[in-house]
Protein chains: 2
Amino acid sequence: MYTVLVNLTVRTDLVDEFVDGIRVNAAASLRDETGCLRFDVNRSTERPNEFILYELYADEDAFYVAHRKAPHYAEWKRVAAKCVMPGGHINTFAHPVFPEAIPEARADPS
Amino acid sequence: MYTVLVNLTVRTDLVDEFVDGIRVNAAASLRDETGCLRFDVNRSTERPNEFILYELYADEDAFYVAHRKAPHYAEWKRVAAKCVMPGGHINTFAHPVFPEAIPEARADPS
């Protein structure tokens, strides 16, 4: 299992467009990618133009290959390029320390 | 629903003790707190002494009151004080943008 945390600082005038775009990307990733197990979209309480995505994938290929070649990802990249501030995109890659405690592990198709 | 992201930089010589401590705290939080809906423990792939906790609570009280007064939290604070580097603890508070898409919302007792 592979964890991707994404911190995004969004242009304040484009938050609504960003939210529409990430809604589509998150839903399509969960619906169309068997290896995308979780995709939570969070918004900072203290800095309302900061968003944190919490994504779990079956393995690294499910993210680097399947996710990034999906049609909805191309559309998402277009929205992100427009709405995210320059330098406002930070990815953190990780692994669950206790994968047996991750509920989605039971449904993991890999 | 209330999201708590915790970034922790751990003393490299105390990673094993930290992992034992966070295993107990995560499991007890999920088992004993009805308002703790999710508690994932992740470890950075690039910086192996950095850990990211992803916690979801039913609401703010479930975190600030129920979680912080739980007996396992006091024990966890002791472990964290010993194992986490000075200045190596950063909390980020957030809310799910699409709570209806959060699987735990269905089991949310609040």
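The structure is a predicted model, in which local features need pLDDT of at least 70, side-chain atom pairs count only at pLDDT 80 or more, and totals for chains, interfaces and linings use all residues. Residues are numbered from 1 along each chain as its sequence is written, while chains are lettered from A and ligands numbered from 1 in the order in which they are written.

**Single residues**

Is A105(A) buried or exposed, or something in between? A105(A) is partly exposed, because 16 other C-beta atoms lie within 10 Å. A residue is called buried if 20 or more other C-beta atoms lie within 10 Å of its own, exposed if 12 or fewer do, and partly exposed in between, with C-beta atoms placed from the backbone. When neighbours within four places in sequence are left aside, A105(A) is in contact with M1(A), P99(A) and E100(A). Two residues are in contact if their C-beta atoms, placed from the backbone, lie within 7 Å.

L53(A) belongs to strand β3 of chain A. With 18 C-beta neighbours inside 10 Å, L53(A) also counts as partly exposed. Apart from its neighbours within four places in sequence, L53(A) is in contact with L5(A), V6(A), F39(A) and V41(A).

V24(A) lies in helix α1 of chain A and counts as partly exposed, because it has 13 C-beta neighbours inside 10 Å. P71(B), by contrast, is placed in helix α3 of chain B and is exposed, because 9 other C-beta atoms lie within 10 Å.

Each of these residues can be paired with a residue elsewhere in its chain, as the table shows.

| Residue pair | Separation in sequence | C-alpha to C-alpha distance |
|---|---|---|
| A105(A) and L56(A) | 49 residues | 9.8 Å |
| L53(A) and L8(A) | 45 residues | 8.2 Å |
| V24(A) and H72(A) | 48 residues | 7.7 Å |
| P71(B) and A26(B) | 45 residues | 13 Å |

How do α1(A) and α3(A) cross? Their axes come within 9 Å and cross at roughly 160 degrees. Such axes are lines fitted to C-alpha atoms, for helices over the stretch in contact, and the angles run from 0 to 180 degrees between N-to-C directions. The crossing makes α1(A) roughly antiparallel to α3(A). Angles over 145 degrees count as roughly antiparallel, those under 35 as roughly parallel, 65 to 115 as roughly perpendicular and the rest as oblique. α1(A) passes α3(A) in a left-handed crossing. On the side of α1(A), the contact is made by E17(A), F18(A), G21(A), V24(A), N25(A), A28(A) and S29(A), and on the side of α3(A) by H72(A), W76(A), V79(A) and C83(A). A crossing is left-handed if the near helix is turned anticlockwise from the far one by less than a right angle, and right-handed if clockwise.

In chain B, the axes of α1 (residues 15-32) and α3 (residues 71-83) come within 9 Å and cross at roughly 160 degrees. α1(B) and α3(B) are therefore roughly antiparallel to each other, and their crossing is left-handed. Among the residues of α1(B) that meet α3(B) are V24(B), A28(B) and D32(B), and the residues in α3(B) include H72(B) and W76(B).

**Helix α2**

Which residues are buried in helix α2 (residues 60-67) of chain A? A62(A), F63(A) and H67(A) are buried there. Seen down the axis of α2(A), these buried residues fall within an arc of 100 degrees, so they line one face of the helix. The arc is that of the directions from the helix axis to the C-beta atoms. The cover over the buried residues of α2(A) includes β1 (2-10), α1 (15-32), β2 (36-44), β3 (50-57) and α3 (71-83) of chain A.

In chain B, the buried residues of α2 (residues 60-67) are A62(B), F63(B) and H67(B). Down the axis of α2(B), they fall within an arc of 100 degrees and so line one face of the helix.

**The two copies**

A rotation of 180 degrees, with 0.0 Å of shift along its axis, superposes chain B on chain A (RMSD 0.0 Å). The two copies are thus related as by a two-fold rotation axis. Copies are superposed by least squares on the C-alpha atoms of residues with pLDDT of at least 70 in both. Which residue of chain B comes closest to the rotation axis? Y54(B) does, with its C-alpha at 4.1 Å. The copies meet through the same surface, because 100% of the interface residues of chain B are also interface residues in chain A.

Technical notes: Helices (H or I, at least four residues) and strands (E, at least two) are DSSP runs, numbered from the N terminus.
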